[in-house]
Amino acid sequence: MGGMTTAARLAKAGHQVTVYEASDRHGGKCRTEWIGNYAFDTGPSLLTLPAVYRDFFQRTGEVMGRVLELVPVNPSFDYRFADGKSVKFANLSRKETLAAITESLGAEAGQEWDRVMRTAEAMWDVSREPFIESELRSIASLLKRPTLLRDIRIIAPWKTLRGLKIKDIHLRNILDRYATYSGSDPRVAPAVLASIAFVEEAFGAWHIKGGVGKLADAVYQRCLDRGVKFEFNSPITAINHNGKSITGVSRGDGRLIEYEVVIANADASLVYNSLISGKVGKLKRTRKNLAKAEPSLAGFSLLLGLRPTDQPTGLSHHNVLFPKDYDEEFEDIFSRKVPVEDPTIYICAPNDDAMVKHPGHEAWFVLVNAPRHGDSDGFNWNDKDANHRYAMKIIDAIEARGISVRDRLEVLEIRTPADLERTVMAPGGSIYGTSSNGARSAFLRAKNRSPLKGLYCVGGSAHPGGGLPLVGLSAEIVAQAVVGPTTH
């Protein structure tokens with residue numbers, strides 16, 4: 001998505017652009033897949049900050065509303081806890097959300113969430129321009145800001161999400177989950193990630209009619225309309241250079257093609273450690289930083305096609321079933337590096353008739369956090385029998401919450417971190433590239449402008465990070481770096 005949105009912007013600015021895609025289709029992780037009579041969003045299943053893509057479509061041609069139907073999701077999330085309590089967060093209404101929290105968890109909990117959201121809003125206001133919407137070149141550039149002391153006090157880089165000290169365990173679980181939005185561990189992830197909760201509340205949770213993958217289709221079509229050329233099944237084996245500047249790329253078929261500018265949407269660790277050869281002094285620090293950055297967690301998912309039922313499940317579009325002990329989940333993933341024994345279960349159950357071929361049927365995407373795939377630094381996800389047993393365990397856990405699955409099951413497909421690594425070349429199946437574990441994580445992430453002249457990095461493993469809104473902003477930053485701000 002980062003590569004395509006950059007490509008369309010550059011083509012609109014007058015550049016000749018070719019996209020080399022290793023797979024046989026566009027969109028990367030963002031896709032809606034049909035299996036039989038059911039469609040599943042197998043990558044992003046939620047769109048926040050839709051203004052990022054509205055801006056993209058408006059600046060490259062026809063407005064977004066002409067090509068996509070955005071649907072607000074209300075409630076934005078349905079949170080269910082192991083002790084039987086639950087709370088639904090209203091879309092685009094803090095007042096309604098606070099009322100729901102107060103009713104379910106008590107007045108003190110409502111006041112506590114209001115306090116955290118006020119803090120998160122202040123963090124967003126301070127971090128948005130320098131950390132998210134701008135090219136982050138160095139810590140030194142931030143030190144020159146006239147509001148430095150105030151900004152530091154608000155962002156509190158020394159503080160973790162847990163450092164926000166939420167007493168109510170239910171609310172703490174909800175806030176912890178925003179760390180996993182960037183593939184991180186809430187026990188060490190910076191408190192500023194709470195701003196994601198504010199963004200979700202303030203700018204809304206959105207679905208795209210027919211599936212979020214329709215966004216990838218529309219962006220791809222916009223690229224074609226602007227004259228971008230695509231070459232699929234075309235892996236790049238090397239980014240060529242003369243030690244100072246980019247000279248072009250080498251394709252898998254042996255062809256060398258000269259380019260003045262190369263934009264890499266591959267994972268930054270692959271770009272710098274596999275695609276660029278030779279001891280390039282300029283890249284020493286970049287490679288060192290990438291080695292220090294902790295990879296994000298991965299995901300184990302189930303695609304469930306369900307027949308109609310006379311007993312409604314009561315599920316919302318987005319549902320989260322929390323376990324008894326959330327900390328154990330992060331111990332399993334980041335310390336023990338094994339499948340989570342009692343995982344948090346996310347169920348996306350869209351009420352979208354464009355995602356099923358027959359009325360009453362449902363297509364659920366079920367996701368649990370998982371350790372990355374790997375023999376030495378992760379878990380080996382290649383055992384099909386073990387994967388099936390784990391899938392059955394997840395279905396058991398869903399049914400234990402009173403949600404029937406097996407008697408309706410028509411389609412069951414399993415997707416593991418190993419599958420994600422194979423299909424989109426995400427090392428270890430890490431969903432978001434690098435995690436935000438630690439206060440310095442933002443500075444360890446690959447910068448948009450490489451030390452090699454003419455090379456730029458875009459996408460989830462580059463600044464400002466993973467997720468649809470951030471990769472869209474990443475593309476805008478890179479396009480501006482290439483052509484200058486006058487066209488944007």
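**Figure 1. Pairing of strands β14 and β15 in the predicted model.** In this predicted model, strand β14, residues 318–321, runs antiparallel to β15, and four bridges join the two. V320 has Y346 of β15 as its bridge partner. Strand β14 also pairs with strand β5, residues 77–80. The pairing of β5 with β14 is parallel and extends over three bridges. Here Y79 has V320 of β14 as its bridge partner.

**Figure 2. Strand β15 and its two faces.** Strand β15 covers residues 345–348. Are its faces covered or uncovered? Both are covered. Y346 has L367 of β16 as its bridge partner.

Figure 3. Strands of a sheet pair through backbone hydrogen bonds, either parallel or antiparallel. Both senses occur in this sheet: β5 and β14 pair in the parallel sense, whereas β14 and β15 run antiparallel.

**Figure 4. The sheet of strands β9, β10 and β11.** This open sheet has three strands in the order β9-β10-β11, and the pairing is antiparallel. Strands β9 and β11 (256–258) stand at the edges; each has a single partner strand, so one side of each is left without a neighbour in the sheet. On average, neighbouring strands are turned by 25° against each other, direction ignored. Strand β9, residues 236–241, is joined to strand β10, residues 246–251, by five bridges. A238 has S250 of β10 as its bridge partner, and I239 has V249 of β10. The hairpin of β9 and β10 has four residues between the strands. In this hairpin, G243 takes a positive phi near 100°.

**Figure 5. Packing of helix α2 against helix α9.** Two packed helices are described by the angle between their axes and the distance between the axes. For helix α2 (residues 51–60) and helix α9 (residues 213–225), the angle is about 20° and the axes are 11 Å apart. That makes α2 roughly parallel to α9. The crossing of these two helices is left-handed. From α2, the residues Y53, F56, F57 and T60 take part; they meet L215, A218, V219 and R222 of α9. By class, the contact of α2 with α9 holds six nonpolar residues, one polar and one charged.

**Figure 6. Packing of helix α1 against helix α2.** Helix α1 spans residues 2–12, and its axis comes within 9 Å of that of α2, with a crossing of roughly 30°. That makes α1 roughly parallel to α2. The crossing is left-handed. Helix α1 contributes T5, A8, R9 and K12 to the contact, and helix α2 contributes Y53, D55, F56, R59 and T60. These residues divide into three nonpolar, two polar and four charged. Among the α2 residues here, Y53, F56 and T60 also meet α9.

**Figure 7. Packing of helix α1 against helix α16.** How are α1 and α16 (residues 468–483) set against each other, and within what distance do their axes come? The axes come within 8 Å and cross at roughly 35°. The crossing is right-handed. G2, T5, T6, R9 and L10 of α1 meet V471, A475, E476, V478, A479, V482 and V483 of α16. The contact of α1 with α16 has seven nonpolar, three polar and two charged residues. T5 and R9 of α1 take part in this contact and also in the contact with α2.

Notes: Residues numbered from 1 in each chain as written. Predicted model: local features only at pLDDT ≥ 70, side-chain atom pairs only at ≥ 80, totals over all residues. Heavy atoms only, no water. Axes fitted to C-alpha atoms, helices over the stretch in contact; angles between N-to-C directions. Parallel < 35°, antiparallel > 145°, perpendicular 65-115°, else oblique. Left-handed = near helix turned anticlockwise from the far one by under 90°. Contact = heavy atoms within 4.5 Å. Nonpolar A, V, L, I, M, F, W, Y, C, P; charged D, E, K, R; others polar. Buried < 20%, exposed > 50% of the residue type's maximum accessible area, 1.4 Å probe, protein only. Pairing = 2+ DSSP bridges.
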